[in-house]
There are 2 protein chains.
Amino acid sequence: MDLILPGLDSASDRPVFKQIADHLREAIERGDHLAPGDKVPSEATLMAHYGVARMTVRSALQLLQSEGLTVAEHGRGVFVRSRPPVRRLASDRFARRHRDRGKAAFIVETEEAGGKPSVDSIQITEEHPSSDVAERLGLTTRDKVVVRSRRYLINGHPVETAVSYLPAAIAGGTRIAEPDTGPGGIYARLEEMGYRLDHFDEEIKARMPLREEAKALKLAPGTPVFHLVRTAFAEDGRPVEVCDTVMSSDAYVLAYQLPAR
Amino acid sequence: MDLILPGLDSASDRPVFKQIADHLREAIERGDHLAPGDKVPSEATLMAHYGVARMTVRSALQLLQSEGLTVAEHGRGVFVRSRPPVRRLASDRFARRHRDRGKAAFIVETEEAGGKPSVDSIQITEEHPSSDVAERLGLTTRDKVVVRSRRYLINGHPVETAVSYLPAAIAGGTRIAEPDTGPGGIYARLEEMGYRLDHFDEEIKARMPLREEAKALKLAPGTPVFHLVRTAFAEDGRPVEVCDTVMSSDAYVLAYQLPAR
DNA sequence: GTACTTGACTCCTCTAGACGAGTTTGAGAT
DNA sequence: ATCTCAAACTCGTCTAGAGGAGTCAAGTAC
């Protein structure tokens, strides 16, 4: 490792720990001496190099970690973050021609990208909806909804959690309320039941994950999430499903096509 | 302020600073005693309450800040983050009927939402494109592109930076290369010039901001950004513009409509 | 009354240690 | 040659201080 870091600029009024972070950040962004996966010099090494206290070095490393540039591994070291290959979610992923192939969108897309898709933590309950979900579905909080939660994984690594809400009047007692919804997933079942789908609305936010989300998705510190809420509308204009998903921003690029007309 | 925090659980093996952060996080999420804009108890208060060292309290506060829940103001205190009202960006924002009204999408939307839109830092240059931009525009890096950078503000607060790239062969020497593009913006000029627009592709990533981005958008620590790249296609299928925007995730909810057909 | 000073309170940076816990590695025993 | 175990090295948590700088309000001088 021939990484060479500059000395501190004692004339500058920039705090020491930020200067150290700057040096490391530049080395990472240049990418020549500190490439993804590489080990960042240890705390002890940096202390000696800069002649500062341990906490000062740790503040610098903390900063880089909060920027999502590095990951610390207890007992091993601090490493330059290597991002997993991202998946592009096309805006035609719910087109009927895909659904008719008999597989859910996630499975198809992941296999096409050469990954091994899996789904776990499937839970199904029947509950009263939150006011937000009730409003989106055109229900009241006194109505009941079928709630399907699950987690999606690629090559064993979790990338997304999803919770679907469907009016119990529609989905109650059907295969949608079973763990295995059969070929084509929820949307195929809805269409079989006569709820021919017309369009989906998607609302996307980006934010830092809650603690449970970071845990469920095994997110490295400093990784934001997409929070996407999709509402499916039948051809009669009625909403038939709300799907609330949280996705690792590391794993996805969302792609949409908009008409100019 | 009658905020009541529980004591530490010395039996738990959860680190003290995380326990303290948990207590504060819960109080914030409950929202009853610690609402947006409220002042979090000072470091000294928390030290006394929990009987721990200064650095322990600071670690807890640091954690909350990195989660985007609080903002520290030097000399004043730590405050529960109050998020600005978000703007929903509808997927028909570039429909021709809006463009024909003679205002750019950003101006129209912001005024409709009751805000005062403004644009600053307008810079126009002519450059060789990066390989990414060249590829999206169907050019080579030896061609030239007109580069329009600007920053969008709502009520004086920056929310988005945008850089548009257009083939110099199309936009060079036109009003698109002037600071004021005239009514309806770039897209109206392109259509006048005979490049009737067909559709837009948008690719969305979420990530933590670079340092310059955090500065340009005056982002609070722990605020991720949307990185959106839009490519505009003319009716003959040729790409005519690539727009690279970075948006504060605090200020936006992106909304799209997808067909189910 | 107004303007200025002062002090209390706030968070920011940094030092110099301590112990703990996970990982790796090499020396010694088998 | 292989296994075991302890040492060395890593980051994680925590203590107990120090001086600095920004903010605010009360009190002082004019």
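**View 1. The protein surface near DNA strand D.** Helices (H or I, at least four residues) and strands (E, at least two) are DSSP runs, numbered from the N terminus. Sorted by class, the surface near DNA strand D holds ten nonpolar, eight polar and three charged residues. Here Ala, Val, Leu, Ile, Met, Phe, Trp, Tyr, Cys and Pro count as nonpolar, Asp, Glu, Lys and Arg as charged, and the others, Gly among them, as polar.

A quick note for reading the labels: residues are numbered from 1 along each chain as its sequence is written, while chains are lettered from A and ligands numbered from 1 in the order in which they are written. Because this is a predicted model, local features need pLDDT of at least 70 and side-chain atom pairs count only at pLDDT 80 or more, whereas totals for chains, interfaces and linings use all residues.

**View 2. Where chain A meets chain B.** Here 32 residues of chain A are in contact with 32 residues of chain B (C-beta atoms, placed from the backbone, within 7 Å). On the chain A side, β8 (197-207) and β11 (252-259) each give two or more residues, and β8(A) provides the largest share, eleven residues. That side divides into 16 nonpolar, seven polar and nine charged residues. Since 100% of the interface residues of chain A are also interface residues in chain B, the copies meet through the same surface.

**View 3. Strands pairing across the two chains.** Look for β11(A) beside β8 (residues 197-207) of chain B: they pair in the antiparallel sense over six bridges (pairing needs at least two DSSP bridges between two strands). Within this view, Gln257(A) stands opposite Asp201(B) in β8(B).

**View 4. Around Val246(B).** Val246(B) belongs to strand β10 (residues 239-248) of chain B. Is this residue buried or exposed? Val246(B) is buried, because 22 other C-beta atoms lie within 10 Å (buried means 20 or more, exposed 12 or fewer, partly exposed in between; C-beta atoms are placed from the backbone). Beyond its neighbours within four places in sequence, Val246(B) is in contact with Glu160(B), Thr161(B), Glu213(B), Val225(B) and His227(B).

Key. Two residues are in contact if their C-beta atoms, placed from the backbone, lie within 7 Å.
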